[in-house]
Amino acid sequence: MKVILASNKAAGDQAAFNVFQQVIENGAKVLGLATGSTPEGLYKLLRESDLDFSAMTSVNLDEYVGIAPDNPQSYHYFMQKHLFDAKPFAHSYLPNGLADDPDAEVKRYDQVVADHPVDLQLLGIGRDGHIGFNEPGSPFDGGTHRVKLTQSTIEANSRFFASEDDVPKEAYTMGIGTILKSKEILLMAYGDKKAAAVQKMIEGPVTTDVAASALKKAANVVVILDPAAAAKLQPSSITERI
Ligand code: GLP
């Protein structure tokens, strides 16, 4: 795990952009994408760049259950607004939050990922250490599944909704097993609310209590942090400062 400490968010976004640019130059065909406030700066750099995704495929991590793609709170809508409107891919896949048959939807999405092996998977991290929507206790070999969100995640994500009651209580997410199959993984974390989860991911034991600790089992992982997110780390845990 390579841990890059950026002097601020702008430097972190630029470092993340450089990782994307490099894998694309190296011939990547499939990008695994994430939502949340953390990657917004990276998506802005991608939108404003001359990178061309029109021959590539994107596969997103997750989607809320029960909200339509044109709902501004949906992850479909987020991706459209932050990236796809400006930079369309040949094909873009997300779980279908309105699927009638959850078992069929889980199988469909696992097949999507099997058919499009991810070259670079972008991740954020939840305050409880979740990746995608893999909450504490998720098995490290799991595929796509429907999950009940923890109270911590519902509270954290309520800032995007009119009230906490409006936050969907369930989601579809790629499993940790799915994420670990990516050839390369880039996790970004900013702000003091992520510091404890980041410390556990990097310096704690590999345990299903902290979903992100599974990344220590993957070969090519880059973590980009700002000083607030890195505040609880030992200096020796930092690979590079930019
Ligand atoms: C949600 C998403 C995650 C994301 C996390 C952190 O729970 N499912 O993929 O990493 O939020 O979001 P933020 O970047 O807004 O802190």
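## The parallel sheet

Strands β6 and β9 pair in the parallel sense over 4 bridges. Here strands (E, at least two residues) and helices (H or I, at least four residues) are DSSP runs, numbered from the N terminus, and two strands count as paired if DSSP finds at least two bridges between them. The structure is a predicted model, in which local features need pLDDT of at least 70 and side-chain atom pairs count only at pLDDT 80 or more, while totals for chains, interfaces and linings use all residues. Residues are numbered from 1 along each chain as its sequence is written, and side-chain values use heavy atoms, with hydrogens and water left out.

Strands of a sheet pair through backbone hydrogen bonds, either parallel or antiparallel. The open sheet that holds β6 and β9 has 8 strands in the order β5-β3-β2-β6-β9-β10-β1-β11, with parallel pairing. Strands β5 (91-93) and β11 stand at its edges, each with a single partner strand, so one side of each is left without a neighbour in the sheet.

Strand β9 is mostly covered, since 5 of its 6 residues are buried; buried means under 20% relative accessible area, exposed means over 50%, and partly exposed lies in between (1.4 Å probe, protein chains only).

Strand β1 (residues 2-5) is joined to β10 (residues 221-225) by 4 bridges, and the two run parallel. Leucine 5 has leucine 225 in β10 as its bridge partner. Strand β1 is also joined to β11 (residues 240-241) by 2 bridges, again in parallel, with isoleucine 4 opposite glutamate 240 in β11. Elsewhere in the sheet, β3 (residues 57-60) and β5 pair in the parallel sense over 3 bridges, and histidine 91 in β5 is the bridge partner of threonine 57.

## Helices on the sheet

Helix α4 (residues 102-115) lies across β3 and β5, running at about 140° to β3. Helix α7 (residues 195-203) packs on the sheet and touches β1, β9 (184-189) and β10; its direction makes about 150° with that of β10. For these angles, axes are lines fitted to C-alpha atoms, for helices over the stretch in contact, and angles run from 0 to 180 degrees between N-to-C directions. Contact means heavy atoms within 4.5 Å.

## Two helices in contact

Two packed helices are described by the angle between their axes and the distance between the axes. Helix α2 (residues 40-48) and helix α3 (residues 75-84) pack at an angle of about 45°, with their axes 9 Å apart. That angle makes α2 oblique to α3; angles under 35 degrees count as roughly parallel, over 145 as roughly antiparallel, 65 to 115 as roughly perpendicular and the rest as oblique.

In this contact, Glu40, Tyr43, Leu46 and Arg47 of α2 meet Phe78, Met79, Lys81, His82 and Leu83 of α3. These residues divide into 5 nonpolar, 1 polar and 3 charged. Ala, Val, Leu, Ile, Met, Phe, Trp, Tyr, Cys and Pro count as nonpolar, Asp, Glu, Lys and Arg as charged, and the others, Gly among them, as polar.

## The antiparallel sheet

A further open sheet has 3 strands in the order β4-β8-β7, with antiparallel pairing. Strands β4 (62-64) and β7 (145-148) stand at the edges, each with a single partner strand, so one side of each is left without a neighbour in the sheet. The twist averages 25° from one strand to the next.

Strand β4 pairs with β8 (residues 170-173) over 3 bridges in the antiparallel sense. In this pair, aspartate 62 stands opposite threonine 173, and glutamate 63 has tyrosine 172 as its bridge partner.

## Two buried loop residues

Aspartate 119 is found in the loop between α4 and β6 (120-123). At 12% relative accessibility, aspartate 119 counts as buried. Its side chain reaches the backbone nitrogen of valine 30 at 2.9 Å. Not counting residues up to four places away in sequence, aspartate 119 touches Ala28, Lys29, Val30, Lys183 and Glu184.

Alanine 34 lies in the loop between β2 (30-33) and α2, and at 1% relative accessibility it counts as buried. Beyond residues up to four places away in sequence, alanine 34 touches residues including Tyr43, Phe78, Met79 and Leu122.

Technical notes:
A polar contact is a pair of N or O atoms within 3.5 Å; within protein, one must be able to donate a hydrogen and the other to accept it, and residues adjacent in sequence count only if both atoms are side-chain atoms.
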